[in-house]
Amino acid sequence: METIRTVKNYINGEWVDAENDGVIDVENPSTGEVIAQTPLSTVAEVDRAVAAARAAFPGWSTTPVTQRAEYMYSLLAVMQAREEEISRVLTEEMGKSLPDSRAEMKRVFQNTEVACATPMLQQGKNMIGCAKAIDGEEINLPIGVFAAITPFNFPAMAPFWFIPYAIATGNTLVLKPSELVPLTMELLAKCIEQSGLPAGVFNLVNGAKEVAVALTEHENIDGLSFVGKSSTCRLVAQKCASLNKRYQAMGSAKNHLVVMPDYAHMDELIRNMSTSCYGCAGQRCMASSAIVAVGSEMYEKVCKKFVEDSRKFIVANPLDPAVAQEPMLMGPVISAQSKKFILDMIDKGIAEGATLALDGRNLKIPGCENGHFVGPTVFTDVTPGMEIHKTEIFGPVVVILQAASLDEAIGIINNHQYANACSIYTQNGHYARKFKLEAKCGMIGINVGIPAPVPFLSFGGMYDSMICDIKMQGASAIRFYTENKVVVERYWDED
Ligand code: NAD
(Lines give C-alpha, C1' and ligand atoms only; values in the text may rest on other atoms or scores of the structure.)
Protein backbone atom coordinates (compact mmCIF):
# COMPACT_ATOMS: atom_id res chain seq x y z
CA MET A 1 0.00 0.00 0.00
CA GLU A 2 1.29 3.45 -0.88
CA THR A 3 2.18 5.46 2.21
CA ILE A 4 0.87 8.99 2.52
CA ARG A 5 3.66 11.46 3.17
CA THR A 6 3.54 13.97 6.00
CA VAL A 7 4.51 17.52 5.07
CA LYS A 8 7.71 18.81 6.68
CA ASN A 9 8.43 22.07 8.40
CA TYR A 10 11.04 24.53 7.13
CA ILE A 11 13.00 25.90 10.05
CA ASN A 12 16.31 27.77 9.96
CA GLY A 13 16.88 26.88 6.32
CA GLU A 14 16.30 23.12 6.82
CA TRP A 15 13.36 20.86 5.93
CA VAL A 16 12.63 18.96 9.13
CA ASP A 17 10.14 16.30 10.16
CA ALA A 18 7.71 17.73 12.68
CA GLU A 19 7.67 16.27 16.15
CA ASN A 20 3.96 16.03 15.83
CA ASP A 21 1.01 15.41 18.07
CA GLY A 22 -0.79 13.60 15.26
CA VAL A 23 -1.71 14.51 11.71
CA ILE A 24 -4.64 15.86 9.68
CA ASP A 25 -5.43 14.32 6.30
CA VAL A 26 -5.09 16.65 3.33
CA GLU A 27 -7.80 15.77 0.85
CA ASN A 28 -8.30 16.45 -2.79
CA PRO A 29 -11.78 17.97 -2.32
CA SER A 30 -12.84 16.86 -5.80
CA THR A 31 -12.30 13.18 -5.12
CA GLY A 32 -12.04 12.85 -1.35
CA GLU A 33 -8.68 11.13 -1.89
CA VAL A 34 -6.08 11.69 0.85
CA ILE A 35 -3.04 13.23 -0.87
CA ALA A 36 -0.82 14.10 2.11
CA GLN A 37 -0.92 14.74 5.83
CA THR A 38 -0.40 17.94 7.78
CA PRO A 39 1.60 17.39 10.96
CA LEU A 40 0.10 18.87 14.10
CA SER A 41 3.41 20.44 15.11
CA THR A 42 4.09 21.06 18.76
CA VAL A 43 4.83 24.16 20.81
CA ALA A 44 8.49 23.04 20.89
CA GLU A 45 8.49 23.24 17.10
CA VAL A 46 7.09 26.77 17.24
CA ASP A 47 9.79 27.71 19.76
CA ARG A 48 12.51 26.45 17.42
CA ALA A 49 11.12 28.39 14.46
CA VAL A 50 10.75 31.58 16.49
CA ALA A 51 14.29 31.18 17.90
CA ALA A 52 15.64 30.79 14.34
CA ALA A 53 13.77 33.90 13.21
CA ARG A 54 14.99 35.83 16.25
CA ALA A 55 18.61 34.80 15.65
CA ALA A 56 18.37 35.82 11.99
CA PHE A 57 16.91 39.25 12.75
CA PRO A 58 20.07 41.26 13.62
CA GLY A 59 21.88 40.23 10.44
CA TRP A 60 18.84 40.52 8.20
CA SER A 61 17.58 43.85 9.51
CA THR A 62 20.99 45.41 8.89
CA THR A 63 21.37 43.91 5.43
CA PRO A 64 21.06 46.87 3.04
CA VAL A 65 17.52 47.26 1.74
CA THR A 66 18.76 47.04 -1.84
CA GLN A 67 20.16 43.56 -1.12
CA ARG A 68 16.94 42.52 0.61
CA ALA A 69 15.07 43.62 -2.50
CA GLU A 70 17.45 41.56 -4.67
CA TYR A 71 16.23 38.42 -2.89
CA MET A 72 12.67 39.40 -3.83
CA TYR A 73 13.70 39.65 -7.50
CA SER A 74 15.30 36.18 -7.26
CA LEU A 75 12.26 34.74 -5.53
CA LEU A 76 9.98 36.21 -8.19
CA ALA A 77 12.00 34.58 -10.98
CA VAL A 78 11.98 31.18 -9.23
CA MET A 79 8.23 31.29 -8.60
CA GLN A 80 7.46 32.40 -12.15
CA ALA A 81 9.45 29.45 -13.50
CA ARG A 82 7.35 27.09 -11.35
CA GLU A 83 3.97 28.79 -11.87
CA GLU A 84 2.21 25.91 -13.62
CA GLU A 85 3.47 23.28 -11.18
CA ILE A 86 2.33 25.36 -8.20
CA SER A 87 -1.03 26.20 -9.81
CA ARG A 88 -1.81 22.51 -10.35
CA VAL A 89 -0.99 21.62 -6.74
CA LEU A 90 -3.13 24.54 -5.60
CA THR A 91 -6.06 23.27 -7.64
CA GLU A 92 -5.54 19.71 -6.44
CA GLU A 93 -5.60 20.55 -2.74
CA MET A 94 -8.04 23.47 -2.76
CA GLY A 95 -10.42 22.67 -5.61
CA LYS A 96 -10.50 26.01 -7.45
CA SER A 97 -10.23 25.96 -11.25
CA LEU A 98 -6.82 26.06 -12.92
CA PRO A 99 -7.46 29.53 -14.43
CA ASP A 100 -8.34 30.69 -10.89
CA SER A 101 -5.14 29.18 -9.49
CA ARG A 102 -3.07 30.86 -12.18
CA ALA A 103 -4.81 34.17 -11.42
CA GLU A 104 -3.95 33.65 -7.75
CA MET A 105 -0.31 33.09 -8.67
CA LYS A 106 -0.34 36.39 -10.59
CA ARG A 107 -1.28 38.09 -7.31
CA VAL A 108 1.63 36.30 -5.63
CA PHE A 109 3.96 37.71 -8.27
CA GLN A 110 2.49 41.21 -8.05
CA ASN A 111 2.83 41.35 -4.27
CA THR A 112 6.44 40.26 -4.61
CA GLU A 113 6.99 42.91 -7.29
CA VAL A 114 5.66 45.60 -4.98
CA ALA A 115 8.05 44.40 -2.28
CA CYS A 116 10.91 44.78 -4.81
CA ALA A 117 10.17 48.52 -4.54
CA THR A 118 10.89 48.55 -0.79
CA PRO A 119 13.97 50.79 -1.23
CA MET A 120 11.48 53.44 -2.37
CA LEU A 121 8.52 52.48 -0.20
CA GLN A 122 10.36 52.23 3.12
CA GLN A 123 11.83 55.70 2.85
CA GLY A 124 11.00 58.12 5.61
CA LYS A 125 10.73 61.85 5.30
CA ASN A 126 12.37 64.88 6.81
CA MET A 127 11.80 68.56 7.36
CA ILE A 128 14.88 70.73 7.41
CA GLY A 129 14.40 73.77 9.61
CA CYS A 130 11.39 72.87 11.76
CA ALA A 131 12.66 75.62 14.04
CA LYS A 132 15.92 77.53 14.27
CA ALA A 133 18.70 74.95 13.65
CA ILE A 134 16.27 72.12 14.31
CA ASP A 135 15.50 69.40 11.78
CA GLY A 136 12.82 66.74 12.03
CA GLU A 137 12.97 63.27 10.51
CA GLU A 138 10.72 60.23 10.28
CA ILE A 139 12.43 56.88 9.80
CA ASN A 140 10.79 53.48 9.15
CA LEU A 141 12.68 50.64 10.82
CA PRO A 142 12.15 46.88 10.81
CA ILE A 143 10.54 45.66 14.00
CA GLY A 144 11.62 42.09 14.65
CA VAL A 145 9.97 38.69 14.33
CA PHE A 146 6.50 38.43 12.80
CA ALA A 147 4.09 35.51 12.52
CA ALA A 148 1.52 35.02 9.77
CA ILE A 149 -1.48 32.68 9.97
CA THR A 150 -3.47 32.11 6.80
CA PRO A 151 -6.80 30.57 5.64
CA PHE A 152 -7.56 27.74 3.22
CA ASN A 153 -9.14 29.64 0.35
CA PHE A 154 -6.03 31.39 -0.98
CA PRO A 155 -3.18 28.96 -0.22
CA ALA A 156 -0.69 31.07 -2.22
CA MET A 157 -1.94 34.66 -2.25
CA ALA A 158 -2.80 35.01 1.44
CA PRO A 159 0.74 34.09 2.59
CA PHE A 160 2.10 36.47 -0.05
CA TRP A 161 0.07 39.34 1.38
CA PHE A 162 2.70 39.10 4.12
CA ILE A 163 5.90 37.23 3.23
CA PRO A 164 7.48 39.63 0.71
CA TYR A 165 6.63 42.78 2.66
CA ALA A 166 7.69 41.47 6.08
CA ILE A 167 11.00 40.23 4.72
CA ALA A 168 11.87 43.07 2.35
CA THR A 169 11.40 45.60 5.15
CA GLY A 170 14.00 43.73 7.25
CA ASN A 171 11.88 41.58 9.55
CA THR A 172 11.96 37.81 9.92
CA LEU A 173 8.88 35.61 9.75
CA VAL A 174 7.25 32.38 10.89
CA LEU A 175 4.29 31.29 8.76
CA LYS A 176 1.55 28.80 9.60
CA PRO A 177 -0.57 27.99 6.55
CA SER A 178 -4.04 26.48 6.78
CA GLU A 179 -3.85 22.85 7.84
CA LEU A 180 -6.29 22.03 5.02
CA VAL A 181 -3.95 23.18 2.21
CA PRO A 182 -0.26 22.89 3.18
CA LEU A 183 1.06 21.70 -0.19
CA THR A 184 1.00 24.96 -2.14
CA MET A 185 2.96 26.73 0.59
CA GLU A 186 5.39 23.83 0.74
CA LEU A 187 6.24 24.48 -2.92
CA LEU A 188 6.44 28.23 -2.38
CA ALA A 189 8.76 27.67 0.59
CA LYS A 190 10.95 25.58 -1.73
CA CYS A 191 11.04 28.61 -4.04
CA ILE A 192 12.12 30.75 -1.09
CA GLU A 193 14.87 28.24 -0.32
CA GLN A 194 15.91 28.26 -4.00
CA SER A 195 16.09 32.07 -3.96
CA GLY A 196 18.98 31.80 -1.49
CA LEU A 197 17.34 33.75 1.34
CA PRO A 198 19.54 33.44 4.48
CA ALA A 199 18.55 30.71 6.95
CA GLY A 200 16.03 31.72 9.60
CA VAL A 201 14.63 34.75 7.77
CA PHE A 202 11.60 32.73 6.64
CA ASN A 203 10.29 29.71 8.57
CA LEU A 204 7.29 27.47 8.00
CA VAL A 205 5.53 25.55 10.77
CA ASN A 206 2.57 23.38 9.84
CA GLY A 207 -0.24 22.63 12.22
CA ALA A 208 -3.65 23.69 13.39
CA LYS A 209 -5.07 25.77 16.24
CA GLU A 210 -2.36 24.83 18.77
CA VAL A 211 0.43 26.14 16.54
CA ALA A 212 -1.59 29.27 15.76
CA VAL A 213 -2.25 29.98 19.44
CA ALA A 214 1.40 29.32 20.36
CA LEU A 215 2.48 31.86 17.72
CA THR A 216 -0.12 34.41 18.83
CA GLU A 217 0.97 34.17 22.46
CA HIS A 218 4.71 33.80 21.88
CA GLU A 219 6.80 36.29 23.84
CA ASN A 220 9.35 36.46 21.03
CA ILE A 221 6.85 37.32 18.30
CA ASP A 222 6.55 41.08 17.87
CA GLY A 223 3.59 41.17 15.53
CA LEU A 224 1.09 38.98 13.75
CA SER A 225 -0.76 39.02 10.44
CA PHE A 226 -3.91 36.92 10.39
CA VAL A 227 -6.57 36.10 7.79
CA GLY A 228 -9.53 33.83 8.54
CA LYS A 229 -13.02 33.83 10.00
CA SER A 230 -14.08 36.92 11.94
CA SER A 231 -14.65 34.72 15.01
CA THR A 232 -10.96 33.69 14.89
CA CYS A 233 -9.93 37.29 14.17
CA ARG A 234 -11.54 38.35 17.45
CA LEU A 235 -9.52 35.80 19.43
CA VAL A 236 -6.32 36.90 17.72
CA ALA A 237 -7.09 40.59 18.16
CA GLN A 238 -7.92 40.25 21.86
CA LYS A 239 -4.79 38.22 22.57
CA CYS A 240 -2.47 40.50 20.60
CA ALA A 241 -3.96 43.64 22.14
CA SER A 242 -3.53 42.22 25.65
CA LEU A 243 0.12 41.41 24.89
CA ASN A 244 0.70 44.74 23.11
CA LYS A 245 1.68 43.04 19.85
CA ARG A 246 1.09 44.71 16.54
CA TYR A 247 -1.55 42.78 14.57
CA GLN A 248 -3.67 42.60 11.46
CA ALA A 249 -6.81 40.43 11.45
CA MET A 250 -8.82 40.20 8.22
CA GLY A 251 -12.12 38.40 8.58
CA SER A 252 -15.30 37.11 6.96
CA ALA A 253 -17.47 38.76 4.32
CA LYS A 254 -20.90 39.00 2.73
CA ASN A 255 -20.37 41.18 -0.30
CA HIS A 256 -23.34 42.91 -1.92
CA LEU A 257 -23.83 43.80 -5.58
CA VAL A 258 -26.36 46.59 -6.12
CA VAL A 259 -27.89 47.03 -9.57
CA MET A 260 -29.68 50.26 -10.42
CA PRO A 261 -32.70 50.45 -12.77
CA ASP A 262 -30.72 52.46 -15.34
CA TYR A 263 -28.22 49.69 -16.00
CA ALA A 264 -28.75 48.46 -19.54
CA HIS A 265 -25.86 46.06 -20.22
CA MET A 266 -27.84 43.06 -19.02
CA ASP A 267 -25.69 40.26 -20.45
CA GLU A 268 -22.42 41.73 -19.16
CA LEU A 269 -24.09 42.49 -15.82
CA ILE A 270 -25.32 38.95 -15.25
CA ARG A 271 -22.05 37.29 -16.32
CA ASN A 272 -20.07 39.71 -14.15
CA MET A 273 -22.27 38.87 -11.18
CA SER A 274 -22.25 35.12 -11.70
CA THR A 275 -18.47 34.88 -12.05
CA SER A 276 -18.14 36.92 -8.85
CA CYS A 277 -20.57 34.62 -7.01
CA TYR A 278 -19.41 31.23 -8.24
CA GLY A 279 -15.65 31.67 -8.79
CA CYS A 280 -13.78 29.42 -6.36
CA ALA A 281 -17.22 27.92 -5.51
CA GLY A 282 -18.08 31.10 -3.62
CA GLN A 283 -15.12 30.66 -1.28
CA ARG A 284 -13.47 34.03 -1.84
CA CYS A 285 -13.49 36.81 0.70
CA MET A 286 -14.24 39.08 -2.28
CA ALA A 287 -16.94 36.82 -3.77
CA SER A 288 -20.35 38.35 -3.93
CA SER A 289 -23.12 36.36 -2.31
CA ALA A 290 -25.91 38.96 -2.07
CA ILE A 291 -27.49 40.81 -4.98
CA VAL A 292 -29.71 43.83 -4.36
CA ALA A 293 -31.83 44.91 -7.33
CA VAL A 294 -33.35 48.39 -7.11
CA GLY A 295 -36.92 48.58 -8.35
CA SER A 296 -39.33 45.72 -9.07
CA GLU A 297 -38.68 45.66 -12.82
CA MET A 298 -34.93 45.22 -12.40
CA TYR A 299 -35.51 42.71 -9.59
CA GLU A 300 -37.67 40.47 -11.81
CA LYS A 301 -35.18 40.70 -14.69
CA VAL A 302 -32.16 39.94 -12.49
CA CYS A 303 -33.85 36.99 -10.76
CA LYS A 304 -34.78 35.38 -14.08
CA LYS A 305 -31.51 36.00 -15.92
CA PHE A 306 -29.24 35.26 -12.98
CA VAL A 307 -30.83 31.85 -12.46
CA GLU A 308 -30.53 31.14 -16.20
CA ASP A 309 -26.82 32.04 -16.18
CA SER A 310 -26.19 30.09 -12.96
CA ARG A 311 -27.40 26.93 -14.72
CA LYS A 312 -24.62 27.36 -17.31
CA PHE A 313 -21.80 26.74 -14.83
CA ILE A 314 -20.01 23.44 -15.28
CA VAL A 315 -19.53 21.78 -11.91
CA ALA A 316 -16.70 19.26 -12.11
CA ASN A 317 -13.27 18.17 -10.95
CA PRO A 318 -11.16 21.14 -12.11
CA LEU A 319 -8.30 18.82 -13.07
CA ASP A 320 -10.50 16.84 -15.46
CA PRO A 321 -8.76 17.59 -18.80
CA ALA A 322 -12.12 17.66 -20.57
CA VAL A 323 -13.17 20.82 -18.71
CA ALA A 324 -9.99 22.18 -17.09
CA GLN A 325 -9.74 25.28 -19.30
CA GLU A 326 -13.46 26.17 -19.23
CA PRO A 327 -14.02 29.74 -18.00
CA MET A 328 -17.34 28.91 -16.30
CA LEU A 329 -16.08 25.96 -14.31
CA MET A 330 -16.81 25.48 -10.66
CA GLY A 331 -15.01 22.96 -8.46
CA PRO A 332 -15.91 21.54 -5.06
CA VAL A 333 -16.03 23.26 -1.68
CA ILE A 334 -13.13 22.52 0.61
CA SER A 335 -14.43 19.76 2.89
CA ALA A 336 -17.31 17.52 3.92
CA GLN A 337 -17.76 19.76 6.97
CA SER A 338 -18.01 22.85 4.82
CA LYS A 339 -20.49 21.13 2.48
CA LYS A 340 -22.65 20.12 5.44
CA PHE A 341 -22.69 23.72 6.71
CA ILE A 342 -23.74 24.98 3.27
CA LEU A 343 -26.51 22.39 2.97
CA ASP A 344 -27.73 23.26 6.49
CA MET A 345 -27.86 26.93 5.47
CA ILE A 346 -29.92 26.04 2.38
CA ASP A 347 -32.37 24.18 4.65
CA LYS A 348 -32.47 27.24 6.87
CA GLY A 349 -33.26 29.50 3.90
CA ILE A 350 -36.19 27.31 2.92
CA ALA A 351 -37.43 27.22 6.51
CA GLU A 352 -37.29 31.00 6.87
CA GLY A 353 -39.44 31.51 3.79
CA ALA A 354 -37.06 32.45 0.98
CA THR A 355 -37.76 30.96 -2.46
CA LEU A 356 -35.21 28.37 -3.60
CA ALA A 357 -35.08 29.41 -7.25
CA LEU A 358 -32.14 27.14 -8.09
CA ASP A 359 -31.22 24.12 -6.00
CA GLY A 360 -27.57 22.99 -6.06
CA ARG A 361 -28.04 20.08 -3.68
CA ASN A 362 -27.94 16.43 -4.68
CA LEU A 363 -25.41 16.97 -7.42
CA LYS A 364 -23.68 13.82 -8.67
CA ILE A 365 -20.36 14.20 -10.50
CA PRO A 366 -19.44 10.89 -12.19
CA GLY A 367 -16.07 9.66 -10.92
CA CYS A 368 -16.16 12.15 -8.03
CA GLU A 369 -18.69 10.47 -5.77
CA ASN A 370 -16.60 11.30 -2.68
CA GLY A 371 -15.99 14.92 -3.69
CA HIS A 372 -17.56 17.85 -1.85
CA PHE A 373 -19.67 19.41 -4.57
CA VAL A 374 -22.54 21.87 -4.25
CA GLY A 375 -24.02 23.35 -7.41
CA PRO A 376 -24.99 26.99 -7.96
CA THR A 377 -27.87 27.77 -5.60
CA VAL A 378 -30.06 30.87 -5.73
CA PHE A 379 -32.58 32.19 -3.22
CA THR A 380 -35.02 34.93 -4.23
CA ASP A 381 -37.56 36.79 -2.05
CA VAL A 382 -34.85 37.24 0.57
CA THR A 383 -35.22 39.99 3.15
CA PRO A 384 -32.55 41.59 5.36
CA GLY A 385 -32.26 39.80 8.66
CA MET A 386 -32.86 36.31 7.28
CA GLU A 387 -30.05 33.98 8.40
CA ILE A 388 -29.10 33.28 4.78
CA HIS A 389 -28.52 37.01 4.35
CA LYS A 390 -26.76 37.59 7.67
CA THR A 391 -24.38 34.62 7.58
CA GLU A 392 -21.26 34.15 5.48
CA ILE A 393 -22.15 30.82 3.83
CA PHE A 394 -18.82 30.56 1.95
CA GLY A 395 -20.18 28.41 -0.83
CA PRO A 396 -22.04 28.87 -4.14
CA VAL A 397 -25.24 30.15 -2.53
CA VAL A 398 -26.56 33.52 -3.67
CA VAL A 399 -29.38 35.54 -2.12
CA ILE A 400 -31.31 38.13 -4.16
CA LEU A 401 -33.05 41.02 -2.40
CA GLN A 402 -35.17 43.88 -3.69
CA ALA A 403 -34.84 47.53 -2.64
CA ALA A 404 -37.11 50.41 -3.53
CA SER A 405 -34.31 52.98 -3.78
CA LEU A 406 -30.55 53.43 -3.70
CA ASP A 407 -30.88 54.71 -0.12
CA GLU A 408 -32.58 51.48 0.88
CA ALA A 409 -29.92 49.40 -0.91
CA ILE A 410 -27.13 51.30 0.87
CA GLY A 411 -29.02 50.82 4.14
CA ILE A 412 -29.03 47.04 3.61
CA ILE A 413 -25.26 47.10 3.15
CA ASN A 414 -24.59 49.46 6.04
CA ASN A 415 -26.67 47.41 8.47
CA HIS A 416 -24.71 44.24 7.74
CA GLN A 417 -22.04 43.11 10.20
CA TYR A 418 -19.59 42.30 7.38
CA ALA A 419 -18.22 45.08 5.22
CA ASN A 420 -15.38 43.75 3.11
CA ALA A 421 -16.53 44.87 -0.35
CA CYS A 422 -19.60 45.96 -2.30
CA SER A 423 -20.31 47.07 -5.85
CA ILE A 424 -22.85 49.12 -7.73
CA TYR A 425 -23.85 48.72 -11.37
CA THR A 426 -24.95 52.02 -12.89
CA GLN A 427 -24.00 54.43 -15.66
CA ASN A 428 -25.30 57.32 -13.57
CA GLY A 429 -22.48 59.35 -12.01
CA HIS A 430 -24.64 60.66 -9.18
CA TYR A 431 -25.62 57.16 -8.04
CA ALA A 432 -22.04 55.96 -8.35
CA ARG A 433 -20.67 58.88 -6.33
CA LYS A 434 -23.30 58.54 -3.63
CA PHE A 435 -22.57 54.82 -3.35
CA LYS A 436 -18.80 55.37 -3.21
CA LEU A 437 -19.17 57.90 -0.40
CA GLU A 438 -22.01 56.36 1.64
CA ALA A 439 -21.63 52.57 1.40
CA LYS A 440 -19.65 51.50 4.45
CA CYS A 441 -17.31 48.88 3.01
CA GLY A 442 -13.53 48.82 2.80
CA MET A 443 -13.47 48.09 -0.94
CA ILE A 444 -15.98 49.58 -3.39
CA GLY A 445 -16.67 48.52 -6.96
CA ILE A 446 -18.37 50.47 -9.71
CA ASN A 447 -19.49 48.22 -12.55
CA VAL A 448 -17.09 45.48 -11.42
CA GLY A 449 -18.16 42.34 -9.60
CA ILE A 450 -14.96 41.75 -7.64
CA PRO A 451 -13.38 45.04 -6.55
CA ALA A 452 -10.16 43.31 -5.39
CA PRO A 453 -7.41 45.93 -5.33
CA VAL A 454 -4.17 45.32 -7.21
CA PRO A 455 -1.25 44.87 -4.81
CA PHE A 456 0.06 48.43 -4.99
CA LEU A 457 -3.25 49.52 -3.41
CA SER A 458 -4.41 48.63 0.09
CA PHE A 459 -6.64 45.63 0.77
CA GLY A 460 -9.02 45.41 3.73
CA GLY A 461 -12.62 45.74 4.84
CA MET A 462 -14.50 47.45 7.66
CA TYR A 463 -16.54 46.43 10.72
CA ASP A 464 -16.34 42.66 11.38
CA SER A 465 -14.49 42.07 8.12
CA MET A 466 -11.34 43.76 9.42
CA ILE A 467 -10.65 43.72 13.14
CA CYS A 468 -7.59 45.96 13.10
CA ASP A 469 -6.47 49.32 11.76
CA ILE A 470 -3.78 48.72 9.17
CA LYS A 471 -4.66 47.16 5.81
CA MET A 472 -2.66 44.70 3.72
CA GLN A 473 -0.63 45.16 0.51
CA GLY A 474 1.25 48.13 -0.89
CA ALA A 475 2.11 51.11 1.28
CA SER A 476 -0.12 49.84 4.11
CA ALA A 477 1.97 46.67 4.34
CA ILE A 478 5.18 48.69 4.61
CA ARG A 479 3.56 50.71 7.38
CA PHE A 480 2.45 47.58 9.23
CA TYR A 481 5.88 45.97 9.15
CA THR A 482 7.91 49.02 10.18
CA GLU A 483 8.29 51.12 13.28
CA ASN A 484 7.90 54.78 12.48
CA LYS A 485 10.32 56.75 14.65
CA VAL A 486 10.54 60.51 14.73
CA VAL A 487 13.90 62.18 15.30
CA VAL A 488 14.21 65.84 16.23
CA GLU A 489 17.79 67.10 16.00
CA ARG A 490 19.65 70.32 16.64
CA TYR A 491 23.29 71.27 16.14
CA TRP A 492 24.75 74.51 17.41
CA ASP A 493 26.67 76.62 14.97
CA GLU A 494 30.44 76.19 15.26
CA ASP A 495 32.34 79.46 15.71
P1 NAD B 1 -10.30 29.95 9.96
O2 NAD B 1 -10.49 31.13 10.83
O3 NAD B 1 -11.01 28.69 10.30
O4 NAD B 1 -8.73 29.54 9.89
C5 NAD B 1 -7.75 30.48 9.49
C6 NAD B 1 -6.43 30.13 10.16
O7 NAD B 1 -6.58 30.32 11.57
C8 NAD B 1 -5.99 28.68 9.96
O9 NAD B 1 -4.62 28.67 9.66
C10 NAD B 1 -6.28 28.06 11.33
O11 NAD B 1 -5.44 26.97 11.64
C12 NAD B 1 -6.00 29.22 12.26
N13 NAD B 1 -6.62 29.15 13.60
C14 NAD B 1 -7.53 28.27 14.06
N15 NAD B 1 -7.84 28.57 15.35
C16 NAD B 1 -7.10 29.64 15.71
C17 NAD B 1 -6.96 30.41 16.92
N18 NAD B 1 -7.66 30.13 18.00
N19 NAD B 1 -6.11 31.46 16.89
C20 NAD B 1 -5.41 31.77 15.77
N21 NAD B 1 -5.50 31.08 14.61
C22 NAD B 1 -6.33 30.03 14.58
O23 NAD B 1 -10.64 30.41 8.47
P24 NAD B 1 -10.74 29.51 7.15
O25 NAD B 1 -12.00 28.73 7.19
O26 NAD B 1 -9.45 28.82 6.89
O27 NAD B 1 -10.85 30.66 6.04
C28 NAD B 1 -12.06 31.18 5.54
C29 NAD B 1 -12.37 32.51 6.17
O30 NAD B 1 -11.33 33.45 5.89
C31 NAD B 1 -13.65 33.12 5.59
O32 NAD B 1 -14.39 33.69 6.65
C33 NAD B 1 -13.13 34.20 4.66
O34 NAD B 1 -14.02 35.28 4.42
C35 NAD B 1 -11.92 34.66 5.40
N36 NAD B 1 -10.98 35.35 4.51
C37 NAD B 1 -10.88 36.70 4.63
C38 NAD B 1 -10.05 37.41 3.78
C39 NAD B 1 -9.95 38.91 3.90
O40 NAD B 1 -9.12 39.50 3.24
N41 NAD B 1 -10.78 39.55 4.71
C42 NAD B 1 -9.28 36.73 2.83
C43 NAD B 1 -9.39 35.35 2.74
C44 NAD B 1 -10.25 34.66 3.59
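A salt bridge here is a side-chain nitrogen of Lys or Arg within 4 Å of a carboxyl oxygen of Asp or Glu. Glu387 and Lys390 qualify as a salt bridge, because their closest N and O atoms are 3.5 Å apart and the cut-off is 4 Å. Please keep in mind that this is a predicted model.

Staying with that pair, both residues belong to helix H14, which covers residues 387-390. Glu387 and Lys390 are three residues apart, about one turn of the helix. Glu387 is partly exposed, at a relative accessible area of 29%, and Lys390 is also partly exposed, at 38%. Elsewhere, salt bridges with shared partners tie Glu19, Glu45 and Arg48 into one network.

Now the overall layout. The protein chain is divided into domain 1, made of 9-251 + 467-486, and domain 2, which is 255-446. Their C-alpha centres lie 31 Å apart. Where the two meet, 24 residues of domain 1 are in contact with 23 residues of domain 2. Between them the domains bury about 1900 Å², and 59% of that is on carbon and sulfur atoms. Of the area that domain 1 buries against domain 2, 24% is supplied by Pro29, Ser30 and Phe152, more than by any other three residues.

How many salt bridges are there between domain 1 and domain 2? The count is one. As for polar contacts, seven residue pairs are counted between the two domains, both residues being at pLDDT 80 or more. On the side of domain 1 that touches domain 2, helix H3 (83-94) and H4 each supply at least two residues. H3 gives the largest share of that side, five residues. By class, the side of domain 1 that touches domain 2 has eight nonpolar, eight polar and eight charged residues.

Over the whole structure, a search finds 24 salt bridges. One links Arg102 and Glu84 through their side chains, at 2.9 Å from N to O. This pair joins distant parts of the chain, with Arg102 in helix H4 and Glu84 in helix H3, 18 residues apart. Glu84 is partly exposed, with a relative accessible area of 35%.

A further case is Asp344 with Lys340, whose side chains meet in a salt bridge at 2.8 Å, N to O. Both are in helix H13, residues 336-351, and they are four residues apart, about one turn of the helix. Asp344 counts as partly exposed at 35% relative accessibility, while Lys340 counts as exposed at 53%. The cut-off for exposed is over 50%, so Lys340 at 53% falls in that class.

Is Phe109 buried or exposed? Phe109 is buried, because its relative accessible area is 5% and buried means under 20%. Apart from neighbours within four places in sequence, Phe109 is in contact with Leu76, Met79, Gln80 and Glu83. Phe109 and Tyr425, by comparison, are 316 residues apart in sequence and 30 Å apart in space, C-alpha to C-alpha.

That is what I have; questions are welcome.

How values were computed
Residues are numbered from 1 along each chain as its sequence is written. This is a predicted model: local features need pLDDT of at least 70, side-chain atom pairs count only at pLDDT 80 or more; totals for chains, interfaces and linings use all residues. Side-chain values use heavy atoms; hydrogens and water are left out. Buried means under 20% relative accessible area, exposed over 50%, partly exposed in between (1.4 Å probe, protein chains only). Contact means heavy atoms within 4.5 Å. Domain bounds come from an automatic or database domain assignment. Buried area is the accessible area (1.4 Å probe) that two parts lose on being put together, summed over both. A polar contact is a pair of N or O atoms within 3.5 Å; within protein, one must be able to donate a hydrogen and the other to accept it, and residues adjacent in sequence count only if both atoms are side-chain atoms. Ala, Val, Leu, Ile, Met, Phe, Trp, Tyr, Cys and Pro count as nonpolar, Asp, Glu, Lys and Arg as charged, and the others, Gly among them, as polar.
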